[in-house]
Amino acid sequence: MSRIGKAPISIPSGVTITVSKDNQVTVKGPKGQLSQQVDSDITVEQEEGTLLVKRPSDQKRHKALHGLYRALINNMVVGVTEGYKITQELVGVGYRASNNGNILDLVLGFSHHVVFALPEEVKVTTTSEKGKNPTITLESIDKQLIGQVAAKIRSLRTPEPYKGKGIKFVGETLRRKAGKSASKK
């Protein structure tokens with residue numbers, strides 16, 4: 001029984017949702033527009049400021065799709081009203097980040113700069129204050145896209161378990177390991 005799929009999606013004011021005949025759901029809001037193709041078995045109904053996602057049967061596939069599409073549509077509604085924001089920090093001596101538009105220039109301890117081009121839908125800002133780690137802030141209305149970009153940036157230098165050097169999400173707790181023990185004499 002999908003508890004997520006059964007929950008209605010409340011539509012805030014200023015947001016319009018249209019469902020085409022081929023099950024293409026389009027959400028327009030103050031921050032932009034997103035669309036998602038929904039499986040033909042799942043029905044999307046709009047009633048008095050709420051949106052309901054329904055499945056035809058209790059097959060395992062239908063149950064899985066029911067919760068999935070409800071969550072995807074809800075993410076689109078939240079994205080066009082509030083947007084999503086992910087902040088990452090660079091931990092390490094000499095690690096730096098700067099941006100020129102949507103081109104991110106990273107210094108991560110390699111012999112060369114790492115230049116990363118971001119999609120147009122994602123806005124990036126970098127800050128570096130004295131005494132604090134440099135931070136990269138990503139903002140977008142598309143939750144999947146911003147998560148994918150953040151994961152790709154993190155994979156350029158994943159945090160290592162001994163000193164914690166690398167690119168990590170703000171608030172992320174890393175699993176640390178003890179270093180080498182002193183030799184016994």
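**Strands, loops and contacts**

Me: How many of the six residues of β12 are buried?
Reply: β12 is mostly covered. Strands here are DSSP E runs of at least two residues, helices are H or I runs of at least four, and both are numbered from the N terminus. Buried means under 20% relative accessible area, exposed means over 50%, and partly exposed lies in between, with a 1.4 Å probe and protein chains only. The buried count in β12 is five.

Me: What pLDDT do local features need in this predicted model?
Reply: Residues are numbered from 1 along each chain as its sequence is written, and side-chain values use heavy atoms, leaving out hydrogens and water. The model is predicted: totals for chains, interfaces and linings use all residues, side-chain atom pairs count only at pLDDT 80 or more, and local features need pLDDT of at least 70.

Me: In what order do the four strands of the open sheet run?
Reply: Two strands pair if DSSP finds at least two bridges between them. The pairing in this sheet is antiparallel. The order is β11-β12-β7-β13.

Me: Why is one side of β11 and of β13 left without a neighbour in the sheet?
Reply: β11 (123–127) and β13 (166–169) stand at the edges. One side of each is therefore open, because each has a single partner strand.

Me: What is the average twist from one strand to the next?
Reply: Axes are lines fitted to C-alpha atoms, for helices over the stretch in contact, and angles run from 0 to 180 degrees between N-to-C directions. From one strand to the next, the twist averages 25°.

Me: How many bridges join β7 to β12?
Reply: β7 spans residues 84–91 and also pairs antiparallel with β13, over four bridges. Glutamate 89 faces lysine 168 of β13. Towards β12, glutamine 88 stands opposite isoleucine 136. β7 and β12 run antiparallel, and the number of bridges joining them is six.

Me: Which residue in β12 stands opposite threonine 127?
Reply: β11 and β12 run antiparallel, joined by five bridges. The residue in β12 opposite threonine 127 is threonine 135.

Me: At about what angle to β7 does helix α3 run?
Reply: Helix α3 covers residues 143–155. This helix lies across β7, β12 (135–140) and β13. Its angle to β7 is about 5°.

Me: Is phenylalanine 169 buried, partly exposed or exposed?
Reply: This residue lies in strand β13. Contact means heavy atoms within 4.5 Å. Beyond neighbours within four places in sequence, phenylalanine 169 is in contact with Ile86, Thr87, Gln88, Ala150 and Arg154. Its relative accessible area is 26%, so it counts as partly exposed.

Me: How far apart in space are phenylalanine 169 and threonine 137, C-alpha to C-alpha?
Reply: In sequence, these two are 32 residues apart. In space, their C-alpha separation is 10.0 Å.

Me: What separation do the C-alpha atoms of glycine 171 and threonine 125 have?
Reply: Glycine 171 lies in the segment after β13. It counts as exposed because its relative accessibility is 67%. Glycine 171 and threonine 125 are 46 residues apart along the chain, with a C-alpha separation of 18 Å.

Me: What is the relative accessibility of threonine 26?
Reply: Threonine 26 is in strand β3 (residues 24–29). Not counting residues up to four places away in sequence, it touches Thr16, Ile17, Thr18, Gln33, Leu34 and Ser35. Threonine 26 counts as buried, because its relative accessibility is 13%.

Me: Is asparagine 23 buried or exposed?
Reply: Asparagine 23 is found in the loop between β2 (16–19) and β3. Its phi is near 65°, positive in a residue other than glycine. The relative accessible area of asparagine 23 is 12%, so it is buried.

Me: Is glutamate 48 buried or exposed?
Reply: Glutamate 48 lies in the loop between β5 (43–47) and β6 (50–54). Its phi is near 40°, again positive in a residue other than glycine. The relative accessible area of glutamate 48 is 82%, so it is exposed.

Me: Over which ring does the charged end of arginine 157 sit?
Reply: A charge sits over a ring if NZ of Lys or CZ of Arg is within 6 Å of the ring centre and within 35 degrees of the ring normal. The charged end of arginine 157 is 4.4 Å from the ring centre of phenylalanine 110.
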